[in-house]
Amino acid sequence: MGTSVHANRLRRRRPWWRSLLRYRLGTVLVMLAVTSAAYFAVDVRHDLPRVHSYGSSTSNSAVRKVGCDIKGNINERGERIYHMPGQEYYLATRINPTRGERWFCSQWEAWWAGWRKAKV
């Protein structure tokens with residue numbers, strides 16, 4: 001009789017993970033389904049600025065727009081450098097659109113297009 005009580009006790013005891021599967025798996029699956037549906041239902045796409053390569057500009061960046069005072073210059077070594085108003089060589093820098101030089105409206109736009117800031 002002592003062995004049958006011990007055997008019943010072993011039969012009643014279940015591994016801990018079975019109770020997790022029984023009671024919590026359904027909740028987890030429902031939460032996963034809701035979050036997945038919400039992820040795909042919300043369509044928030046932020047457009048990144050377009051990177052302009054040499055000769056493929058979609059906007060007329062060779063013509064200076066109002067408020068676009070940053071000069072994008074290409075030096076003799078082919079380095080793309082932008083000059084801010086007030087920098088040493090800003091007034092001496094000329095923009096030649098045929099060489100791929102252009103105007104920028106912000107430092108971020110110049111950096112995103114692959115240009116670096118002038119050191120002086």
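Before anything else, contact here means heavy atoms within 4.5 Å. With that in hand: of the contacts in this chain with a separation of 6 or more, 59% are between residues 24 or more positions apart.

Quick housekeeping. This is a predicted model, where local features need pLDDT of at least 70 and side-chain atom pairs count only at pLDDT 80 or more, while totals for chains, interfaces and linings use all residues. Residues are numbered from 1 along each chain as its sequence is written, and side-chain values use heavy atoms, with hydrogens and water left out.

Okay, the overall layout. We have 4 helices and 4 strands; those are DSSP runs numbered from the N terminus, helices being H or I with at least four residues and strands E with at least two. Walking along the sequence, you get α-α-α-β-β-β-α-β. Of the 120 residues, 22% are buried. Buried is under 20% relative accessible area, exposed is over 50%, and partly exposed is in between, with a 1.4 Å probe and protein chains only. The chain exposes about 9,900 Å², with carbon and sulfur atoms supplying 59% of that; areas come from the Shrake-Rupley method with a 1.4 Å probe, and for residues only the protein chains shown count as cover.

Now the sheet. It's open, it has 4 strands in the order β3-β1-β2-β4, and the pairing is mixed. At the edges are β3 (102-104) and β4 (116-117), each with a single partner strand, so one side of each has no neighbour in the sheet. Two strands pair, by the way, if DSSP finds at least two bridges between them.

Let's look at β1, residues 70-74. It pairs antiparallel with β2, residues 80-83, over 4 bridges. Gly 72 sits opposite Tyr 82, and Asn 73 opposite Ile 81. The β1-β2 hairpin has 5 residues between the strands, and Gly 78 there takes a positive phi near 90°. On the β3 side, 3 bridges join the antiparallel β1 and β3, with Ile 70 partnered to Phe 104.

Leaving aside neighbours within four places in sequence, Met 84 contacts Ile 70, Tyr 90, Gln 107 and Lys 117.

His 83 and Ala 118 are 35 residues apart in sequence, yet 5.6 Å apart C-alpha to C-alpha.

Leu 25, Leu 29 and Leu 32 make a nonpolar surface patch of about 270 Å². Leu 29 lies in helix α3, residues 25-41, and counts as partly exposed because its relative accessible area is 48%. Patch residues have over 30% relative accessible area and no salt bridge, with like charges joined within 9 Å and nonpolar side chains (Val, Leu, Ile, Met, Phe, Trp, Tyr) within 5 Å; a salt bridge is a Lys or Arg side-chain nitrogen within 4 Å of an Asp or Glu carboxyl oxygen.
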